[in-house]
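Reader: I am new to this structure. Please walk me through the terms used for it, one at a time.

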Amino acid sequence: MQESHLKKVSNKDEDIALVHRAQKGDYRAFDLLILKYQARVITLANKFVNDKQIAEDIAQESFIKVYKSIGSFRGESAFFTWLYRVAVNTAKNYLSSKKRKKEMLVSDITDSDTTDPLSALTTESPEDILAANNLREIILKSFGDLPEEIRTALSLREFEGLSYQEIGKILDCPVGTVRSRIFRGREQIQEAIDHLLPSSIHAGNERRKKE
Amino acid sequence: MNKAIKERISALLDGELSEFETRRVIEEIKDDPHLKQYWSSLVAVREGFKEETLSFIKSDISRDIANELGYKTYPEEKISKDESTWSITKSSYVAASGIIAVIVVLTFNMQNTISVDMVAEDSFSTQASQRIAQAIESPEAINLLNTAVQGIEAKLEGLDSSSLGMIQANYVVPSSGHKFKVNLSPISSSYDISTNQPSKLVYLRTNKGLFLLSISGNIDSKQKAKILRNAAVSFNTNK
């Protein structure tokens, strides 16, 4: 399993302030972490199970496990690294459990029907994939249209994972300027894709309605 | 939403706020669901630089987790976007490839009315294709594209379709060689226009539905404003 998402961002955990707030009982901070990483965790889980609904369930279970033990998180690794490991273990546990169930099923049923009931479940739809590809296309196009100084600051942040301070040193400008440039870049891209994104609040409701 | 809080949210995403500032931002997000959505949209921008996670960017399990853990995070406040926007947009993607042929024909027949026979299937893609066909056939839409650039030193190079199924009129400024596009797209009538900045877009409600006109490319702000003004005046005059 590739661990491309574990690319270290600078020398510190960018989520540490939110984690500290969550450790102090502020669930809203943890909620922001969920919103920040849910797509990555679902993507990871989907690689194991190849089923969107199950991947979402595994992601949900992973976040719950992480939240319940967040008090023990000492920051020896980045928060996302920790979350990533929990998600990998949760997905593996799911597969082990599924395998056990399948073995039991095979031993109980002697006919030749070996259809895996789980395989009938749907994974990413072609529409989802197409929509994602087009969303990415717009994001990259908007990124390419950014003024050079903004594009440079944003690319150092997003592609190189540098901190604002490191970017400021490279570009020879104050940290405040870096922060402003990165914000302006994101703002411009966000405006280009805003109407394509569903409301996160509605999306949550949408999922529950399906169940 | 003011820019200062949005900039702080962007910095929080990068872990560049102190714990004190973080706490303040969380407090502000608590009071405004739009800020929480802004956080999510910045996450989407960030994920856009990674290829694989975007397929799941519209999944949201946060409320399920909160329920599971017994937390009530934010009020069930209706915010400005509608779920149907996403569905229509997705269908536009599907429609885009099919509509290219129509656009090619239009390039050579811009002033003529074009009849497009659509296969009558009750699917998202068909509906989206029909919307775009309606946009092309709409006299308001054609008139708009023609008159929006009046008074601007620009030459029409052709029409194209974008990945979103928009109609794009491609212009070049002969003296500078700069190129820009005037985009016209049919959008969901349930789309809330207040979510976008009116200075960059013009929304036109016609009997063929709601259209959005926007401009992109290498064009200065004065000319952009003039085109938008032309479009709005043209539409209001012909209404």
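Author: Let us start with the overall contacts. In chain A, 65% of the contacts between residues at least 6 apart in sequence join residues at least 24 apart. Contact means heavy atoms within 4.5 Å.

Reader: What should I know about the model and its numbering?

Author: This is a predicted model, in which local features need pLDDT of at least 70, side-chain atom pairs count only at pLDDT 80 or more, and totals for chains, interfaces and linings use all residues. Residues are numbered from 1 along each chain as its sequence is written, chains are lettered from A and ligands numbered from 1 in the order in which they are written, and side-chain values use heavy atoms, with hydrogens and water left out.

Reader: What makes up the secondary structure of chain A?

Author: Chain A has nine helices and zero strands. Helices (H or I, at least four residues) and strands (E, at least two) are DSSP runs, numbered from the N terminus. Chain B has eight helices and five strands. From its N terminus, chain B runs α-α-α-α-α-α-α-β-β-β-β-β-α.

Reader: Why is A:Arg186 called buried?

Author: Buried means under 20% relative accessible area, exposed over 50%, and partly exposed in between, with a 1.4 Å probe and protein chains only. A:Arg186 has a relative accessible area of 0%, so A:Arg186 is buried. The residue sits in helix α8 (residues 175–193) of chain A. Its contacts, not counting residues up to four places away in sequence, include A:Tyr164, B:Leu13 and B:Val45.

Reader: Which side chains of chain B make polar contacts with the side chain of A:Arg186?

Author: One is the side chain of B:Ser10, at 2.9 Å. Another is that of B:Asp14, at 2.7 Å. A polar contact is a pair of N or O atoms within 3.5 Å; within protein, one must be able to donate a hydrogen and the other to accept it, and residues adjacent in sequence count only if both atoms are side-chain atoms.

Reader: Is A:Glu14 buried or exposed?

Author: The relative accessible area of A:Glu14 is 8%, so A:Glu14 is buried. A:Glu14 lies in the segment before α1 of chain A. Its side chain joins that of A:Lys36 in a polar contact of 2.7 Å. A polar contact of 3.5 Å joins the side chains of A:Glu14 and A:Tyr37.

Reader: Why is B:His178 called partly exposed?

Author: B:His178 has a relative accessible area of 35%, so B:His178 counts as partly exposed. Its place is the loop between β2 (167–172) and β3 (179–187) of chain B. Leaving out residues up to four places away in sequence, B:His178 touches B:Tyr171, B:Val172, B:Val173 and B:Asn218.

Reader: What makes α1(A) roughly perpendicular to α2(B)?

Author: The axes of helix α1 (residues 16–23) of chain A and helix α2 (residues 19–31) of chain B come within 9 Å and cross at roughly 70 degrees. That makes the pair roughly perpendicular. Angles under 35 degrees count as roughly parallel, over 145 as roughly antiparallel, 65 to 115 as roughly perpendicular and the rest as oblique. Axes are lines fitted to C-alpha atoms, for helices over the stretch in contact, and angles run from 0 to 180 degrees between N-to-C directions.

Reader: Which residues of α1(A) and α2(B) make the contact?

Author: From α1(A) come A:Ala17, A:Leu18, A:His20 and A:Arg21. From α2(B) come B:Glu19, B:Thr22, B:Arg23 and B:Ile26.
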